[in-house]
Amino acid sequence: MIFTDYRNTVRWIMIVASFAIVSLILWKTFEFFQYFKVEERNKMKQWSFAQTDLLKSTDLESNIGDLPLYILESNVTTPMIIVHKNGNIDYKNIDDTKAKDSTYLNNLILKFKEENKPIEILYKNDVFATLYYGNSELLNKLKYYPLALLLIIFLFSAVIFFFYKSNKNAIQNKLWSGMAKETAHQIGTPLSSLIGWTEILKSENLNPDYILEIEKDIDRLQTITERFSKIGSVPTLEMLDIIKETIDSYDYLKSRSSKLVEFEIITPEGDIPVNLNKQLYSWVIENLVKNAIDAMKGRGKLTIEISQLEDDVKVSVSDTGKGIPKKLFKKIFDPGFTTKKRGWGLGLSLTKRIIEDFHFGKIKVLQSEIGKGTTIQIALKRAYYA
């Protein structure tokens, strides 16, 4: 507990420190932007003064000197438009091709006016022209730098978040796998005892049907034990007849379900070999059948149908239950999702993992209608004998 509290404290310190550093960088960037903006305005004022000096020297027919000319010619980065008193327009550092369009220039004037306050060029105490100027390329880059920085920080945070989440999920999966294996180990001890007691009961001349049913339940417990022991490890697949494996699971579940549920199984003739793990596949059928019975509230018709189309084998489980809204067709396979008052929401997510991750197949809600029922379909690849 102390270690966990310490780790949480360190995590929050790092988050607060990161936020403070980012805020400082953004603030400094804003200060730099304002500083360069002021510097650029001073340059534009100098440019307007140089323009005034040029007008004065022309009027007096005197030598202008090198400084005003240097100032006028040195600015090659700031886009500017000079609107003269008589309506004539001059421009500098703007694309000549685009500047031929008067509409483009007028829109640019409006844009420059929003970016920077226009500067009046005075001559003889009168406004000779008005200078409109925009932000230089450097200023524009500096302007969008905080956005780029925020995007990088967001992406970096997202990577850390998903790494932390996946690491946490991996730890949880490892914990669940360990618990499942331990459960299998714990079930094994009383199961061995039950097998021994069954052998004793056989010698007591009891009704053989009773012994048979007990043995079926013991076999089922052994199957469940094997299922739990396989969680967290890659299961072994072997070529089995999917029709026989489905019928075996079907018969067991039918004999132990409510008589108010009408069972039906439809299969083609012959056998269909598929690479299966016997225990995990029976778990899939059991989960789908139990979900169907729950959806019908223990009363209705349940149909399992096996069909084959070329190399694809389809196993469909249909019920006459309450149905599933279309928006939940994919969500019902998410871990933890359940519509039951009592339930972990693991059955269908586990079924999806067994089919897709271990058997390389597909599972989906084929169709569903509210109040009429649902069909969930499994698709697997047929195997061929050597």
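Start by selecting Lys124, in the hairpin of strand 3 and strand 4: this residue takes a positive phi near 60°, and the hairpin has two residues between its strands. Before you go on, know that this is a predicted model, where local features need pLDDT of at least 70 and side-chain atom pairs count only at pLDDT 80 or more, while totals for chains, interfaces and linings use all residues. Residues are numbered from 1 along each chain as its sequence is written, and side-chain values use heavy atoms, with hydrogens and water left out. Strands (E, at least two residues) and helices (H or I, at least four) are DSSP runs, numbered from the N terminus.

Strand 3 and strand 4 are antiparallel and share five bridges; two strands count as paired if DSSP finds at least two bridges between them.

Next, pick residues 80-84 and 126-133. These are strand 1 and strand 4, antiparallel and joined by five bridges. Click on Met80 and you'll find Tyr133 as its bridge partner in strand 4, then click on His84, which stands opposite Ala129 in strand 4.

Zoom out a bit. In what order do the four strands of the open sheet come? The order is 2-1-4-3, with antiparallel pairing. Strand 2 (89-92) and strand 3 (119-123) each have a single partner strand, so one side of each has no neighbour in the sheet. On average, neighbouring strands here are turned by 25° against each other, direction ignored. For angles, axes are lines fitted to C-alpha atoms (for helices, over the stretch in contact), and the angles run from 0 to 180 degrees between N-to-C directions.

Select residues 102-115 next. This is helix 4, lying across strand 1, strand 2 and strand 4, at about 105° to strand 1. Contact means heavy atoms within 4.5 Å.

Last stop: residues 242-255 and 278-295. Helix 7 and helix 8 pack here at about 50°, their axes 10 Å apart. That makes helix 7 oblique to helix 8, since angles under 35 degrees count as roughly parallel, over 145 as roughly antiparallel, 65 to 115 as roughly perpendicular and the rest as oblique. Residues making the contact include Ile242 and Leu253 of helix 7, and Tyr281 and Val289 of helix 8.
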